[in-house]
Amino acid sequence: MSRVGKKPIPIPKEVKVEVKPGGIEVSGPKGTLNHAIREPITARVGDGIITVERPDDSNVNRALHGLTRALISNMVEGVSKGFEKKLIINGVGYRASLQGKKLVLLVGYSHPVELEPPAEITFDINKQQNEITVKGISKELVGQMAANIRNVKKPEPYKGKGIRYENEVIRRKAGKSVAAGK
């Protein structure tokens with residue numbers, strides 16, 4: 001039996017869960033999320049918990065069992081607490097700003113890079129304009145938007161200039177002068 005899949009999901013008091021034919025809808029103080037559940041997997045709500053079940057132990061069903069449980073758990077956490085990812089901008093003159101909801105990045109190109117967020121995503125920028133916080137209720141959308149921002153200017157290994165995640169460690173390389181001196 002799947003260790004992840006058989007673990008029940010507790011439902012906070014402010015969250016409402018409704019199992020519909022072929023899917024599940026989770027709504028809470030931060031918003032509403034929907035997810036389509038693949039056919040052999042079923043979800044049941046009762047006594048303040050959600051349980052996910054599978055009919056047999058085939059490889060496909062075992063994989064879907066744990067995946068479905070994890071996705072539903074992320075939905076419950078998202079509508080109650082929300083998700084956020086922080087990105088840090090390193091480099092002289094590199095900065096970020098907001099124009100309405102649009103994120104504008106100045107990261108060494110000849111033009112500013114503008115990123116339009118999906119409706120569920122919001123951005124926060126600190127006073128020094130070098131930290132971006134991506135917030136939202138969908139863990140998938142928050143992670144994808146953070147990855148799109150990082151892909152604008154990935155950190156380079158010599159000086160560390162670029163956009164990186166808050167807890168990301170950049171492996172630094174020695175430059176030509178250090179290598180030639182050996």
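Analyst: Happy to! The protein chain has three helices and 13 strands; helices (H or I, at least four residues) and strands (E, at least two) are DSSP runs, numbered from the N terminus. This is a predicted model, where local features need pLDDT of at least 70, side-chain atom pairs count only at pLDDT 80 or more, and totals for chains, interfaces and linings use all residues. Residues are numbered from 1 along each chain as its sequence is written, and side-chain values use heavy atoms, with hydrogens and water left out.

Now to the backbone angle phi. Most residues other than glycine have a negative phi, and most peptide bonds are trans. Asp47 is not a glycine, yet its phi is positive, near 55°. You can find Asp47 in the loop that lies between strand E5 (42-46) and strand E6 (49-53). With 83% relative accessibility, Asp47 counts as exposed; that word means over 50% relative accessible area, while buried means under 20% and partly exposed is in between (1.4 Å probe, protein chains only).

Next, look at Gln129, which also is not a glycine and has a positive phi of about 60°. Gln129 sits in the loop between strand E11 (122-125) and strand E12 (131-136). Its relative accessible area is 29%, so Gln129 is partly exposed.

Helix H1 itself covers residues 59-80.

Key. The expected span of a helix is 1.5 Å times one less than its number of residues.
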